[in-house]
Amino acid sequence: MRYYGVTDRGLVRKSNQDNYLISTNICGDVLAIVCDGIGGALAGDVASKMAIDYFSEIFSTNTGFNDIEEARTWIRYHISRCNEKIYLKATNSTIYKGMGTTFSAILISKVGKLIINIGDSRVYAVNKNGVLKKMTQDHTLVQDMVKHGEITEQEALNHPKRHVLTNAMGVWSNVRVDIDYVNETLMEVLICSDGLYGYINPSLIEDVMLSFELTTALKARRLLNYALKAGGYDNITIIIIELKVGDNK
């Protein structure tokens, strides 16, 4: 397995509210996370960093899982604990009131692969047929409107409320999390904040991810450059993971 991560403030924002993690546990499982903070310049950064710090500490001492359901239970429990910590800090301080963060991740373990999502950062994957697929559903007002047939997917791309979240870690006392088991062979995984996918043509992401000539690092750097050339209007965070045959369970 090879992986590479990068984060950039962009060209407009005064601070970077994104944070990311690529961590291994005691038995060599990998957890990769992208968090995009919300709730103001300082507060958003605090929320995303709290989430990353929490999972960095708790996963590094994890000894592995006996089966995929144990892994799912572990994730759900620690998502709840992390949400509680951020929520309590936000409600006990006027400075941090309303802060929260997206949380998009993949767990690649000896017992299988799980994709985790809260908010509107995304996980994409290239399968063994060379097809790039979006593996997460955005928790946004616009996505709900698409789901209920109020607007089309095409209309959603430029909708003025496309960034309005319906779910985020730390904003409410309880958090909804999608945890999906991946029962297929993946060649590569891309995890990113909306500072990437929200400002460049989807075909550019596909072209880069399906390139056989670029390493994981070069792919991440090229995608970052595309986002910056498009204006760099938001913070940009990218993780790319290249999986080998033995990484797919």
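The model is a predicted one, in which local features require pLDDT of at least 70 and side-chain atom pairs count only at pLDDT 80 or more, while totals for chains, interfaces and linings use all residues. Residues are numbered from 1 along each chain as its sequence is written, and side-chain values use heavy atoms, with hydrogens and water left out.

Helices (H or I, at least four residues) and strands (E, at least two) are DSSP runs numbered from the N terminus. Helix 7 comprises 14 residues and spans 20 Å from its first C-alpha to its last, close to the 20 Å expected at 1.5 Å a residue; the expected span is 1.5 Å times one less than the number of residues. Buried residues (under 20% relative accessible area, 1.4 Å probe, protein chains only) of this helix are Thr216, Lys219, Ala220, Leu223, Leu224, Ala227 and Leu228. Their cover includes strand 1 (2-8), strand 10, helix 5, helix 6 and strand 11.

Pockets are defined on a 1 Å grid over the protein atoms alone, as open sets of points where a 1.4 Å probe fits, with protein on both sides within 12 Å along at least five of seven lines; lining residues have an atom within 4 Å of a point. The two pockets are listed below.

| Largest | About 710 Å³ | Arg122, Tyr124, Leu157, Tyr197, Pro202 |

The largest pocket is lined by 25 residues; elements giving two or more of them include strand 7 (122-127), helix 5 (194-197) and helix 6 (202-209).

Glutamate 242 belongs to strand 11 (residues 236-242). Beyond neighbours within four places in sequence, its contacts (heavy atoms within 4.5 Å) are Met1, Arg2, Met187, Glu188, Thr216 and Asp247.

Asparagine 248 is located in the segment after strand 11 and counts as buried because its relative accessibility is 16%. Beyond neighbours within four places in sequence, asparagine 248 touches Lys113, Glu184, Thr185, Leu186 and Leu243. A polar atom of the asparagine 248 side chain lies 2.8 Å from the backbone nitrogen of leucine 186, and one lies 3.3 Å from the backbone oxygen of lysine 244.

Methods. Grid points are joined across faces, edges and corners, and a volume is the space filled by probe spheres set on the points. Buried means under 20% relative accessible area, exposed over 50%, partly exposed in between (1.4 Å probe, protein chains only). A polar contact is a pair of N or O atoms within 3.5 Å; within protein, one must be able to donate a hydrogen and the other to accept it, and residues adjacent in sequence count only if both atoms are side-chain atoms.
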